Amino acid sequence: MEAVFEKIPYDLNVSLEPESGGSIAYQANGSTYTDRSFVYDDNITLTALPNPGWLFTGWVTNPNLSLFEGYDESNQTIGFELTGDSALTAMFEKKSYAASYRIKTYDSFDLQNLLSDEFSLSSNLSGKINRSQIGRAHV
């Protein structure tokens, strides 16, 4: 009689919030994995890769997941030993940009055409309008 032992496979569910925010690079025991099939005591490293225009803001992990020393949920790359089914979420947020505009004298202008759809805008418009210009500037 011969005893045969196999390592127990575990589910590692990794999600993105929002899904359009980026992707995840997986490594186990120093090798890059694409099939995401892991077994008991695999040393897993995950790296959150934000898409252009997005920022990585942190990981949400389940309580039974113990990260390796030196890693925490704010690190873009985290490492841990898989000892059971686990779930993690990589959190992303859209980058925001500050913009300021100085508008010189024009007969009229359309602020909407000065902006790209890629940016969200918070603005305060102020300035002086010469009495002869009243009715000619449109915001």
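Tutor: We will go through a sheet, then the aromatic pairs. This is a predicted model, in which local features need pLDDT of at least 70, side-chain atom pairs count only at pLDDT 80 or more, and totals for chains, interfaces and linings use all residues. Residues are numbered from 1 along each chain as its sequence is written, and side-chain values use heavy atoms, with hydrogens and water left out.

Student: In what order do the 3 strands of the open sheet lie?

Tutor: Strands are DSSP runs of E, at least two residues, numbered from the N terminus. Two strands pair if DSSP finds at least two bridges between them. Here the order is S2-S9-S7, with mixed pairing. S2 and S7 are the edge strands, each with a single partner, so one side of each has no neighbour in the sheet. On average, neighbouring strands are turned by 20° against each other, direction ignored; the axes are lines fitted to C-alpha atoms, and angles run from 0 to 180 degrees between N-to-C directions.

Student: How many bridges join S7 to S9?

Tutor: There are 7, and these two strands run antiparallel. Val60 stands opposite Thr89 in S9. S2 (residues 12–17) pairs with S9 (residues 86–94) in the parallel sense, over 6 bridges. Glu17 stands opposite Met91 in S9.

Student: How many aromatic pairs does a search of the whole structure find?

Tutor: Rings of Phe, Tyr and Trp (its six-membered ring) pair if their centres lie within 6.5 Å; planes under 30 degrees apart count as stacked, over 60 as edge-to-face and the rest as tilted. The search finds 4 pairs. One of them, Tyr26 with Phe38, is stacked, at 6.4 Å centre to centre and 25° between the planes. Tyr26 is in strand S3 (residues 22–28) and Phe38 in strand S5 (residues 38–39), 12 residues apart.

Student: Is Phe38 buried or exposed?

Tutor: Buried means under 20% relative accessible area, exposed over 50%, and partly exposed in between (1.4 Å probe, protein chains only). Phe38 is buried, at 1%, and Tyr26 is buried at 6%. Phe56 and Phe92 form an edge-to-face pair, 5.9 Å centre to centre with 70° between the planes. Phe56 lies in S7 and Phe92 in S9, so this pair ties together parts 36 residues apart in sequence. Phe92 is buried at 6%, and Phe56 is buried at 15%.

Student: Which residues do ring pairs link into a cluster?

Tutor: The cluster holds Phe56, Trp59 and Phe92. Contact means heavy atoms within 4.5 Å. Leaving out residues up to four places away in sequence, Phe56 touches several residues, among them Ala48, Pro50, Glu73 and Met91.

Notes. Helices (H or I, at least four residues) and strands (E, at least two) are DSSP runs, numbered from the N terminus.
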